[in-house]
Amino acid sequence: MANGLPSTLPGGAPTIRELLAAGERSFSFEFFPPKTPEAEEVLWRSIREIEQLHPTFVSITYGAGGTTRDGTIRVTERVAQDTSLTPLGHLTCVAHSRDELRSVIGAYAGSGVRNMLALRGDPPGGPNQPWVAHPEGLNHAIELVELIRSLGDFCVGVAAFPDKHPEAASLEADAQVLAAKAQAGADYAITQMFFGADDYFRLVDRAAALGCDIPVLPGIMPVTNIKQIQRMAELTGMALPAEVTDRLLAVEDEPAAVREVGIEIATELCERLLTGGAPGIHFITLNRSTATRQVFRNLQAANVS
């Protein structure tokens, strides 16, 4: 039971909350809605490849400014209806009124999706701009968690930040926000991507000291493009340790070598996280599953998956 409500979906399908509580290591994969027919083909090929790995769940991201809302809902619904996978639908506060948010939640529920990731989202003007809430909307992910949980027995995940949210005053203040989201009804957290295992473990320890003991899944993406990862770090405030960039820059003129080193770095990080007690790994795929599947196979070969 959770908050006095049954912990399974109608018909007995398990929630992510229940899958994590079962104690087995969780392996999940994140995709984003395609913008072209060609990208749609790539996405569904990747999803079918991932389906063969029997992941705990797959998630479909919600674009900046709510721009991919319809695509996110459509892909999430299709995953729920046409595959054997457990889908996690993303939801953000950006540019949405409360009524619009209720409508999205209803659309998910109507297709049998009961697992949602509640995010405030980036400011409408971009990651480095001031946050502006919709005049009839929500200001914080905590409010979104509360709204989702008020509408039914949904399983709710939230974001966590090993490198600190860009707007947080301190690492401690950031941990307090995570604890507040758990208090509001969040069942687990997924981190923004990162490269420092110690940063992850320190985040978990800070949260635990505040009484927050929800599972925190590390978000990991194998680097296959140096410029892309540098740009992501610039936008999100994610730390890029010298030991990571030095290894990648040493082979920057060889795309195949960059990919190979990126997979090695991701594998080593995942091994350390799992050995140290992380409940699983959430792979960020950018809709091409080859690199993440290789990391997963590496973990299997090393007997840490």
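User: Where is Asn 128 found in this structure?

Analyst: Asn 128 is found in the loop between β4 (115-119) and α5. Here helices (H or I, at least four residues) and strands (E, at least two) are DSSP runs, numbered from the N terminus. The model is a predicted one, in which local features need pLDDT of at least 70 and side-chain atom pairs count only at pLDDT 80 or more, whereas totals for chains, interfaces and linings use all residues. Residues are numbered from 1 along each chain as its sequence is written, and side-chain values use heavy atoms, with hydrogens and water left out.

User: Why is Asn 128 called exposed?

Analyst: A residue is buried under 20% relative accessible area, exposed over 50% and partly exposed in between (1.4 Å probe, protein chains only). Asn 128 has a relative accessible area of 58% and is therefore exposed. Its C-alpha atom is separated by 8.4 Å from that of Thr 236, a residue 108 places away along the chain.

User: What makes the pairing of Arg 149 with Asp 187 a salt bridge?

Analyst: The term requires a side-chain nitrogen of Lys or Arg within 4 Å of a carboxyl oxygen of Asp or Glu. The closest N and O atoms of Arg 149 and Asp 187 are 3.5 Å apart, so the pair qualifies. This pair links distant parts of the chain, with Arg 149 in helix α5 (residues 141-150) and Asp 187 in the loop between α6 (171-184) and β6 (188-193), 38 residues apart. Both partners are buried: Arg 149 has a relative accessible area of 11%, and Asp 187 has one of 13%. Arg 149 and Asp 187 also belong to a network of salt bridges with Arg 17 and Asp 153. The structure holds 14 salt bridges.

User: How do you know that Arg 231 and Glu 234 are about one turn of the helix apart?

Analyst: Both residues lie in helix α8 (residues 226-236) and are three residues apart, about one turn. Arg 231 counts as partly exposed at 44% relative accessibility, while Glu 234, at 55%, counts as exposed.

User: Which parts of the chain does the salt bridge between Glu 264 and Arg 247 link?

Analyst: The closest N and O atoms of Glu 264 and Arg 247 are 3.6 Å apart. The pair links distant parts of the chain: Glu 264 lies in helix α10 (residues 255-275) and Arg 247 in helix α9 (residues 242-249), 17 residues apart. Glu 264, at 34% relative accessibility, counts as partly exposed, as does Arg 247 at 30%.

User: What makes a set of residues a nonpolar core?

Analyst: Such a core is a set of buried Ala, Val, Leu, Ile, Met, Phe, Trp, Tyr and Cys residues joined through side-chain atoms within 4.5 Å. The largest one has 63 residues, and those with the most contacts inside it are Leu 144, Ile 148, Leu 178, Leu 273 and Phe 283. Helix α10 supplies the largest share of this core, six residues. Contact itself means heavy atoms within 4.5 Å. Leaving aside neighbours within four places in sequence, the contacts of Leu 273 include Phe 194, Tyr 200, Pro 218 and Ile 281.

User: Why is the space lined by residues such as Phe 194 and Ile 220 called a cavity?

Analyst: On a 1 Å grid over the protein atoms alone, a cavity is a set of points where a 1.4 Å probe fits but cannot get out, and lining residues have an atom within 4 Å of a point. Grid points are joined across faces, edges and corners, and the volume is the space filled by probe spheres set on the points. A search of the whole structure finds one cavity of 30 Å³ or more, and about 40 Å³ of space lies in the largest cavity. Among its lining residues are Phe 194, Ile 220, Gly 262 and Leu 269. The largest share of that lining, four residues, comes from α10.

Key:
1 Å grid on protein atoms, 1.4 Å probe; cavity = no way out; pocket = protein on both sides within 12 Å on 5 of 7 lines; lining within 4 Å.
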